[in-house]
Amino acid sequence: MNPKLPLALTVLLLACGCSQTEPLSSPIAGVWHVDEVVNLVTGDSTDPENSHFMITDSHIMNVGGKEERPIVKKAFADMSPEEILSQLPASGGFFSYEIKDGKVHRTNEFALSELFEGMYIVTEFETDGATLVFRDDHHVDGQMREWRMTRVE
């Protein structure tokens with residue numbers, strides 16, 4: 001396991017868990033379930049299964065995994081490599097961000113693949129408080145995509 005993952009998760013949990021005297025100021029802060037990912041070039045739509053974005057005033061974390069992964073009744077230290085792989089998320093990233101000129105400007109601080117670390121992404125967004133849409137050129141293939149989400153918290 002990459003040693004940066006526990007650090008990234010700890011930082012996010014601390015940022016989210018601190019008591020605040022003022023509400024979050026970011027219009028996109030919250031926990032969001034990704035309902036659909038739409039490729040705006042091809043029109044294809046996918047269900048990302050169990051995918052979420054957790055957003056604070058300064059950081060974004062996204063994690064996605066298979067809903068039907070097997071239950072392994074062992075601690076990670078006792079699992080075989082195959083069992084560990086069956087439990088890992090299918091996607092994930094940790095970003096710092098700021099909103100400038102009405103867009104989210106984010107830098108990938110940690111990803112499941114080092115290929116994406118350091119990547120700078122400018123994302124259009126729309127929100128009404130209950131729904132959130134991210135729209136940008138997907139860094140894997142350069143095609144415009146929308147991530148359509150609903151607020152969980």
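Figure 1. Arg145 lies in strand β9, where a strand is a DSSP run of E of at least two residues, and strands are numbered from the N terminus. The model shown is predicted: local features need pLDDT of at least 70, side-chain atom pairs count only at pLDDT 80 or more, and totals for chains, interfaces and linings use all residues. Residues are numbered from 1 along each chain as its sequence is written, and side-chain values use heavy atoms, with hydrogens and water left out. Arg145 counts as buried because its relative accessibility is 15%; buried means under 20% relative accessible area, exposed over 50%, and partly exposed in between, with a 1.4 Å probe and protein chains only. Leaving aside neighbours within four places in sequence, Arg145 is in contact with Val37, Val38, Asn39, Leu40, Phe134, Arg135, Asp136 and His138. Contact here means heavy atoms within 4.5 Å.

**Figure 2. Strand β8 between its two partners.** Five of the 7 residues of β8 are buried, so this strand is largely enclosed by the rest of the structure. Strand β8 pairs with β7 in the antiparallel sense over 4 bridges; two strands pair if DSSP finds at least two bridges between them. Within this pairing, Thr127 has Leu132 of β8 as its bridge partner. The hairpin formed by β7 and β8 has 3 residues between the strands, and Gly129 in its turn has a positive phi of about 95°. Strand β8 also pairs with β9, again antiparallel, over 7 bridges. Here Thr131 stands opposite Thr150 in β9. The hairpin of β8 and β9 has 6 residues between the strands, and its turn contains Gly142, with a positive phi of about 75°.

**Figure 3. The two faces of strand β3.** In a regular strand the side chains alternate between the two faces of the sheet. Strand β3, residues 50-55, has Ser51, Phe53 and Ile55 on its covered face, and Asn50, His52 and Met54 on the uncovered one. Strand β1, residues 30-39, runs antiparallel to β3 and is joined to it by 4 bridges. In this pairing, Trp32 has Phe53 of β3 as its bridge partner. Strand β4, residues 59-65, is likewise antiparallel to β3, with 6 bridges joining the two. The bridge partner of Ile55 in β4 is Ile60. A hairpin through 3 residues connects β3 to β4.

**Figure 4. The largest nonpolar core.** This core has 16 residues, and those with the most contacts inside it are Ile28, Phe53, Ile55, Ile60, Leu132, Phe134 and Met149. A nonpolar core is a set of buried Ala, Val, Leu, Ile, Met, Phe, Trp, Tyr and Cys residues joined through side-chain atoms within 4.5 Å. Two or more core residues come from each of β1, β3, β5 (91-100), β7 (120-127), β8 (131-137) and β9 (144-151). The largest share, 3 residues, is given by β1.

**Figure 5. The largest pocket.** The largest pocket has a volume of about 650 Å³. On a 1 Å grid over the protein atoms alone, a pocket is an open set of points with protein on both sides within 12 Å along at least five of seven lines, and lining residues have an atom within 4 Å of a point. Grid points are joined across faces, edges and corners, and the volume is the space filled by probe spheres set on the points. The lining has 29 residues, of which Asn62, Ser91, Gly92, His138 and Trp147 lie nearest the centre of the pocket. Strands β1, β3, β4, β5, β6 (103-111) and β9 each give two or more residues to this lining. The largest share, 4 residues, comes from β5. By class, the lining has 12 nonpolar, 12 polar and 5 charged residues. Ala, Val, Leu, Ile, Met, Phe, Trp, Tyr, Cys and Pro count as nonpolar, Asp, Glu, Lys and Arg as charged, and the others, Gly among them, as polar.

Figure 6. Glu36 is found in strand β1 and counts as partly exposed at 25% relative accessibility. The C-alpha atoms of Glu36 and Pro48 are separated by 6.3 Å, with the two residues 12 apart along the chain. Glu49 is in the loop between β2 (45-46) and β3 and has a positive phi of about 60° although it is not a glycine. Asp101, in the loop between β5 and β6, also has a positive phi, near 55°. Glu49 counts as partly exposed at 27% relative accessibility, whereas Asp101 counts as exposed at 77%.

Methods: 1 Å grid on protein atoms, 1.4 Å probe; cavity = no way out; pocket = protein on both sides within 12 Å on 5 of 7 lines; lining within 4 Å.
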